[in-house]
Amino acid sequence: MNVGYKTLFGTGPLFAEDVTECVGQRLAVVVSETQKKADVAAKLAVVEYDMEGLEPPILTVEQAVERSSFFEIPSFLYPQPVGDILKGMDEADQKIISAEIRLGSQYHFYMETQTALAVPEEDDCMVVYSSIQCPEIAHQAIAKCLGLPEHSIRVITRRVGGGFGGKALKAMPVAISCALAAYKLRRPVRIYHNRKTDMLTTGGRHPMKITYNVGFKSGGKVTALDLNILINAGMDADISPVIPHNMLSTLKKYDWGALSFDIKVCKTNHSSKTAMRAPGEVQGTYIAEAVIENVASHLKMDVDIVRSRNFHTFESLHCFYKECAGEPEELTLHALWDKIAQSSTYYQRTEMIKEFNQLNKWHKRGISRVPVVHQVSVRATPGKVSILSDGSISVEVGGIELGQGLWTKAKQMAAFGLSSIQCEGSTDLLNKVRIVQTDTLSLTQGGWTAGSTTSESSCAAVKLCCDVLVERLIPLKERLEQQMGSITWETLISMAGMHSVNLSASCLYVPDFASMNYLIYGAAVSEVEINILTGETTILQSDIIYDCGKSLNPAVDLGQIEGAFVQGIGFFMTEEYLSGADETVIADGTWNYKIPTVDTIPKKLNVEIVNSGNHKKRVLSSKASGEPPLLLSASIHCATRAAVREARKQLASWSGIDEESATLFNLPVPATMPVVKELCGFDIVERYLETLSTPPTALN
């Protein structure tokens, strides 16, 4: 990294701005006394490239395959096939060969863009305030870049204005650039991205091309699924090698009989892609639904029946997920599937929609019920709880606050854990607890805040700390009660200080092997209405049921479920992220992310969280809620497909064409207004008018 500086004098903070090329690689950092001057200077930068001997750029995954341009997937991250694919294909009554799915990218659109503030301190030390999801990794990288021991670096993250994975690895270059400038100039330096620079450098979700062969019985049971998946990772690996593992974890939500795949992570000349909420999982669950929808269309069966016939038994679940399947009683999907049908009046609404579609020419409705099976992994997480002399409580956790309620849950856990002392006032400790900002020198081994499970593991660490403190305080409390009778919390803590009781405890929560990975289940029913003349899609109602176990905070989890679901709607329905040749437009400063003005938030959204029972392997029987609900928004896309299918059946009757060919179609992701309109037929009004003027015999 080449960094250019303009030396300035004074004591105030300096401002920095990146000079960035089209694929998001930092070429220089301009430092100035004001942000305006830094912006102007950055725009004046001229970058010259030596083009001699360069090969043509790789802009598509097909070109990457032709030139064998791939990132290596470590063997332990590459998923394992299931069953005998050849036998499964031989058992099939029918097959679909070389069906294709293409999935685009999605930008994070967090509220706060990438930002950092670096402040030099005495003894060649540096404090960096960074909006990063993994302060520990930034700490290590900054120390290595500056050539300093890690004890000379401190990374502090108070909170982050939204992350969704975009502030995991992509926040590191910002923090490092800021620290390097501050270290060289011995002045505080602040850097933050404007939205255009942020979009260029962060990259977004991984685009993909999927080709598959599927064999199935006449009754709808799939016997074999073979996949060829090409993942566009961009110019740098980032977290891309883990995407295949994540994809298959959700794609296996159905019993495919036999499952085989060839997955390649393609290295291209696009911006490097990164983690985006439910990275890989959202694509995997959609692929599964697209296959099921295609099978149902070929068999002319109700897709809901085909879904049900491919649900896992516990035996098949264990075959596909191994030890992650848990115990038989933990497989709650079938119960949730039936419960969502009742609570959403799914069958009654299905009949009402059929009647609506018969009576309306220009508006069609569709409804879809979709399951989710999501595998999550729990990581080791540190925690520290300290009780101050006045009885107030300080809590530190490795996880950071991304707006997902991590601190709220940790605060409640501290109050709950210490309340077991059972002295006067110990049952009302919540207002005495404060969560302290993440500080990599104060609490080491902080790890990542990602993958939905950091809240639960942070609470587990806090609970362990509280257990230690309670164990230390109980003997003193019993002695004091014998001498004084009932004592207050404040008295107990004051006396503990006088008796040299250690009032600070830290620990590292390490999940045992049996509880590191587990499955989460849920289901959603969504109903939409499309205007076949304009392509406008209105989400009339979505009903969600989600197994949270014993929720640590139902209000927080409900908010997480709703937010994830709506963000998923963006991916499936509205956010058109242009790629390929269009990425050259980005370098010229042209906005390339299309979001239509149509309101696609459900008019009615009902969320029910359920407790599937006591799971001793979970943190207080709780289950994660951050990412899995996003996958349920595929129900919106499937419902839209059902509505488009009705429009195409009507169009076929007007045109005199075969209905079967009209109902075999692919609905792209995202299913934007132009896409829906085109699939319904641009000239639909003209065709309808022709039917009014054409004698009935001419249509036969």
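In this predicted model, helix H7 (residues 243-251) and helix H8 (residues 281-299) pack with their axes coming within 7 Å and crossing at roughly 40°. At that angle H7 and H8 are oblique to each other, and their crossing is right-handed. On the H7 side the contact is made by Asn246, Met247, Ser249, Thr250 and Leu251. H8 contributes Glu281, Gln283, Gly284, Thr285, Ile287 and Ala288. By type, the residues of this contact are four nonpolar, six polar and one charged.

H8 also packs with helix H18 (residues 634-655), at an angle of about 25° and with the axes 11 Å apart. Angles under 35 degrees count as roughly parallel, and H8 and H18 are therefore roughly parallel to each other. H8 passes H18 in a right-handed crossing. Here Tyr286, Glu289, Glu293 and Ser297 of H8 meet His637, Cys638 and Arg641 of H18. The residues of this contact divide into two nonpolar, two polar and three charged.

| Helix pair | Axis distance | Axis angle |
|---|---|---|
| H7 and H8 | within 7 Å | roughly 40° |
| H8 and H18 | 11 Å | about 25° |

Helix H11 (residues 333-343) has a buried set made up of Leu333, Leu336, Trp337, Ile340 and Ala341. These residues lie on the same side of H11, because they cover an arc of only 135° around the axis. In general, an α-helix has 3.6 residues a turn, so residues three or four places apart point the same way. Ala335 and Gln342, on the other side of H11, are exposed.

What do the buried residues of H11 pack against? Their partners include both helices and strands: helix H9 (303-309) and helix H12 (346-359), together with strand E12 (363-377), strand E18 (517-531), strand E19 (537-547) and strand E22 (605-610). Just after H11 comes threonine 345, with a positive phi of about 50°.

Leaving aside neighbours within four places in sequence, alanine 141 is in contact with Met172 and Ile176. Alanine 175 is 34 residues away from alanine 141 in sequence, and their C-alpha atoms are 9.2 Å apart in space.

Some backbone details remain. Serine 98, in strand E4 (residues 94-103), has a phi near 55°, a positive value in a residue other than glycine. Phenylalanine 109 is not a glycine either, and has a positive phi of about 50°. Phenylalanine 109 is located in the loop between E4 and strand E5 (115-121). Is phenylalanine 109 buried or partly exposed? Its relative accessibility is 30%, so phenylalanine 109 counts as partly exposed.

A cis peptide bond, with omega about 0°, joins valine 669 and proline 670. Proline 670 belongs to the loop between helix H19 (659-663) and helix H20 (673-680).

Key:
Residues numbered from 1 in each chain as written. Predicted model: local features only at pLDDT ≥ 70, side-chain atom pairs only at ≥ 80, totals over all residues. Heavy atoms only, no water. Axes fitted to C-alpha atoms, helices over the stretch in contact; angles between N-to-C directions. Helix = DSSP H or I, 4+ residues; strand = E, 2+ residues; numbered from the N terminus. Parallel < 35°, antiparallel > 145°, perpendicular 65-115°, else oblique. Left-handed = near helix turned anticlockwise from the far one by under 90°. Contact = heavy atoms within 4.5 Å. Nonpolar A, V, L, I, M, F, W, Y, C, P; charged D, E, K, R; others polar. Buried < 20%, exposed > 50% of the residue type's maximum accessible area, 1.4 Å probe, protein only. Arc of directions from axis to C-beta.
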